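Student: I am new to this one. Please show me how to read it, step by step.

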Amino acid sequence: MELKFAFELRVEVAEIQVLGDTPKGNRRMIPIKGGTFEGAKIKGTIQAGGYDWQLIRTDEVAEVDARYVLKTDDGALITIVNQGLRRGPAAVMKRLAAGEEVLPSQYYFRSIPVFETADPRYAWLTQSVFVATGVRKPDKVLIQVYEVL
């Protein structure tokens with residue numbers, strides 16, 4: 001199995017909204033404000049209005065479930081559902097939650113993005129499995145998306 005870089009998402013996010021402790025864990029929501037994405041076969045903007053729903057489990061692992069819309073420079077709309085896990089030492093995760101800059105090598109952030117589009121030019125996104133690695137910045141998330149060959 002091989003991985004081929006497909007594109008990078010630069011997702012701009014708003015302040016974390018904390019719902020609080022639920023029976024499943026600590027629920028947080030992070031509004032998607034916009035952003036951009038670019039790769040060899042795709043480029044465009046991230047539409048405002050999506051959310052990153054997070055559940056901080058009792059073992060301190062964050063389950064990530066982000067849903068938003070991409071708009072390519074040539075007008076195609078593509079939905080993305082990106083689910084994954086983020087974890088690391090307690091001190092590192094506390095710094096991330098406080099909005100501090102943390103080296104990506106200090107924590108684990110992996111996900112599986114799934115795409116949907118009606119535009120045949122981007123059908124390739126719906127015909128392969130993709131995996132991603134993420135980096136949390138104070139005001140954005142950088143996500144490198146790879147196609148599994």
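Tutor: Start with charge. Lys and Arg count as positive, Asp and Glu as negative, while His and the chain ends are not counted. A charge is placed at NZ of Lys, CZ of Arg, CG of Asp or CD of Glu. Here the chain has 20 positive and 19 negative side chains, and the centres of the two sets lie 2 Å apart. This is a predicted model: local features need pLDDT of at least 70, side-chain atom pairs need pLDDT 80 or more, and totals for chains, interfaces and linings use all residues. Residues are numbered from 1 along each chain as its sequence is written, and side-chain values use heavy atoms, without hydrogens and water.

Student: How many helices and strands does the chain have?

Tutor: Both are DSSP runs, numbered from the N terminus: helices are H or I, at least four residues, and strands are E, at least two. The chain has 1 helix and 10 strands. Their order from the N terminus is β-β-β-β-β-β-β-α-β-β-β.

Student: Where is Phe 5, and is Phe 5 buried, exposed or partly exposed?

Tutor: Buried means under 20% relative accessible area, exposed over 50%, and partly exposed in between, with a 1.4 Å probe and protein chains only. Phe 5 sits in strand β1, residues 3-13. Its relative accessible area is 43%, so Phe 5 is partly exposed.

Student: Which residues does Phe 5 contact, beyond its neighbours within four places in sequence?

Tutor: Contact means heavy atoms within 4.5 Å. Those neighbours aside, Phe 5 touches Gln 144, Val 145 and Tyr 146. Phe 5 and Gln 144 are 139 residues apart along the chain, yet their C-alpha atoms are separated by 7.5 Å.
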